[in-house]
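Please walk through this protein model step by step, with the sequence and the 3D view side by side.

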Amino acid sequence: MNPPPEPIGGARLLFSLDPAVAYLNHGSFGAVPVPVQRAQQRLRDEMESNPQRFYTTGLWERIGHARTHLSEFLGADPAGTAFVANATAAISIVLRSLALAAGDEIITTNHGYGSVDLAVDHMCARTGATHTIVPLPLSASDDDIVAAVSNAMTIGRTRLVIVDHVASETARVMPVARLAATARVRGVPILVDAAHAPGAHAMRIDAINADFWVGNLHKWLFAPRSTAILSVAERWRDRIEPPIVSWADLDGYPANLEMGGTLDYTPWLAAPTGLYVLRTLGVDRVRSHNAVLAAYGQRVIGAALGLLSTSELPMPGGVTPSMRVLPLPSHVARTHADAVALRTRIAEELRVVVPIPSWHGQGLLRLSAQVYNHADEYDRLAAGLTRVLAALR
Ligand SMILES: Cc1ncc(COP(=O)(O)O)c(C=O)c1O
């Protein structure tokens with residue numbers, strides 16, 4: 001078995017995480033480094049010291065600087081990029097901007113995020129459009145994925161394809177640039193749900209060249225929560241419908257989307273500090289640490305589950321995946337309620353926090369690896385998991 005990576009010295013101390021708990025779920029909500037928490041608190045102190053000055057003197061220039069800085073790191077055109085609260089908000093904004101009508105179709109895949117499917121269903125119910133879900137097995141290759149999604153598109157009828165950059169439940173890294181290219185050839189708009197991508201992998205939004213791209217910065221880019229980016233191709237910018245009509249209504253995209261009245265904008269202003277922390281640790285070093293540790297965790301827990309050959313371990317694709325999944329025995333976590341019960345037992349009995357997706361009836365265990373994790377945390381889960389599973393019989 002390949003060894004785990006060399007720990008990144010002192011990295012754990014950058015986080016407020018409970019030292020008694022093995023926190024193997026960076027993917028769901030992130031964990032904000034202490035320097036970023038401090039930066040945000042200092043901005044809040046500044047805001048409270050003189051709210052009028054904070055909101056009326058240079059706030060939008062400061063937000064513009066933060067947006068430009070982060071866009072450059074992500075390879076996006078700053079003029080096409082808007083801060084939004086999160087991926088959920090961004091996807092609803094795009095769906096409402098499409099002016100769907102009866103007979104139109106939206107395509108997603110069975111790796112897609114649950115609330116995104118709900119948002120699509122909601123828009124379809126209101127407009128008479130239909131929702132097609134393309135089934136992709138856990139073991140699908142990049143070629144299989146591109147072929148299945150391309151074959152599902154109907155020119156003139158498919159009004160949007162939504163694909164995940166990194167799927168939440170299965171951790172599959174999708175071939176999004178190839179999918180965007182094939183959608184472009186067919187004239188079908190595509191939205192890349194990259195909730196997990198910023199910071200996690202080397203990628204450029206302009207190289208993916210999708211119509212819409214949305215990514216959370218609060219996961220792998222260490223930003224405070226409520227910080228995400230929506231990047232929109234030039235041809236769509238005038239058609240983006242802000243959900244809130246604000247003072248910036250006549251200013252066009254992205255200002256009309258970002259401004260929502262008197263909100264707390266400190267997460268966006270503190271977000272560059274998250275990038276600073278990542279760069280200080282070393283972007284490539286962090287990515288390779290996390291990828292090697294996630295692979296180690298998958299192997300060691302796979303061995304405890306009796307999954308000994310690498311062919312039994314789902315491969316996430318992509319170059320530096322920081323999340324990996326393991327299939328659980330077929331009687332385990334077949335429903336969402338059973339999955340939550342198992343997750344709770346693992347947290348209480350093993351002091352390990354790990355999500356258990358019930359992916360279309362297949363129980364999965366999703367491991368994240370971040371700079372604060374150590375190999376012994378995955379060893380602890382491996383040592384206790386079979387006992388917890390045996391108690392479920
Ligand atoms: C693929 C995907 N899309 C959308 C979301 C929703 O993100 P948020 O809750 O930050 O809006 C998530 C959350 O993890 C996700 O994994």
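Aspartate 211 counts as buried, because its relative accessibility is 7%, and buried means under 20%. Keep in mind that the model is a predicted one. Aspartate 211 sits in the loop that runs between α9 (205-208) and β7 (212-216). Its side chain makes a polar contact of 2.8 Å with the side chain of tryptophan 236. What is aspartate 211 in contact with, leaving aside its neighbours within four places in sequence? The residues are Val188, Pro189, Ile190, Ser231, Val232, Ala233, Arg235 and Trp236.

Next comes the sheet to which β7 belongs. It is an open sheet of 7 strands, in the order β2-β8-β7-β6-β5-β3-β4, and its pairing is mixed. Which strands stand at the edges? They are β2 (81-84) and β4 (130-134); each has a single partner strand, so one side of each is left without a neighbour in the sheet. From one strand to the next, the twist averages 20 degrees.

Within this order, β5 is placed between β6 and β3. Strand β5 covers residues 158-164 and is mostly covered, with 6 of its 7 residues buried. On one side, β5 is joined to strand β3 (residues 105-109) by 3 bridges, and the two strands run parallel. Glutamate 105 has threonine 158 in β5 as its bridge partner. β5 also pairs with strand β6 (residues 190-193), in the parallel sense and over 4 bridges. Here valine 163 has valine 192 in β6 as its bridge partner. Further along the order, β3 pairs with β4 over 5 bridges, again in the parallel sense, and threonine 108 stands opposite isoleucine 133 in β4.

Helix α4 (residues 59-74) lies across β2 and β8, and runs at about 110 degrees to β2.

There is also an open sheet of 3 strands, in the order β9-β12-β11, with antiparallel pairing. Its edge strands, β9 (323-327) and β11 (358-359), each pair on one side only. Strand β12 (residues 362-368) is joined to β11 by 2 bridges, and the two run antiparallel. The bridge partner of tryptophan 359 is glutamine 362 in β12.

Histidine 360 lies in the loop between β11 and β12. Is histidine 360 buried or exposed? It counts as exposed, because its relative accessibility is 58% and the cut-off for exposed is over 50%.

Helix α12 (residues 283-304) lies across β9 and β12, at about 15 degrees to β9. Two packed helices are described by the angle between their axes and the distance between the axes. Helix α11 (residues 266-281) packs with α12 at an angle of about 80 degrees, and their axes are 5 Å apart. The angle makes α11 roughly perpendicular to α12, because angles of 65 to 115 degrees count as such. In this contact, Leu278, Arg279 and Leu281 of α11 meet Val283, Arg285 and Val286 of α12. By type, the residues of the contact are 4 nonpolar, no polar and 2 charged.

The last stop is the backbone. Most residues other than glycine have a negative phi, and most peptide bonds are trans. Histidine 360 is not a glycine, yet has a positive phi of about 50 degrees. Serine 226 is likewise not a glycine, and has a positive phi of about 80 degrees. Serine 226 is located in the loop between β7 and β8, and counts as partly exposed because its relative accessibility is 40%. Which peptide bond is cis, with omega near 5 degrees? It is the bond from tyrosine 253 to proline 254. Proline 254 belongs to the loop between β8 (228-232) and α10 (255-258).

Notes: Residues are numbered from 1 along each chain as its sequence is written. This is a predicted model: local features need pLDDT of at least 70, side-chain atom pairs count only at pLDDT 80 or more; totals for chains, interfaces and linings use all residues. Side-chain values use heavy atoms; hydrogens and water are left out. Two strands pair if DSSP finds at least two bridges between them. Contact means heavy atoms within 4.5 Å. Axes are lines fitted to C-alpha atoms, for helices over the stretch in contact, and angles run from 0 to 180 degrees between N-to-C directions. Buried means under 20% relative accessible area, exposed over 50%, partly exposed in between (1.4 Å probe, protein chains only). A polar contact is a pair of N or O atoms within 3.5 Å; within protein, one must be able to donate a hydrogen and the other to accept it, and residues adjacent in sequence count only if both atoms are side-chain atoms. Angles under 35 degrees count as roughly parallel, over 145 as roughly antiparallel, 65 to 115 as roughly perpendicular and the rest as oblique. Ala, Val, Leu, Ile, Met, Phe, Trp, Tyr, Cys and Pro count as nonpolar, Asp, Glu, Lys and Arg as charged, and the others, Gly among them, as polar.
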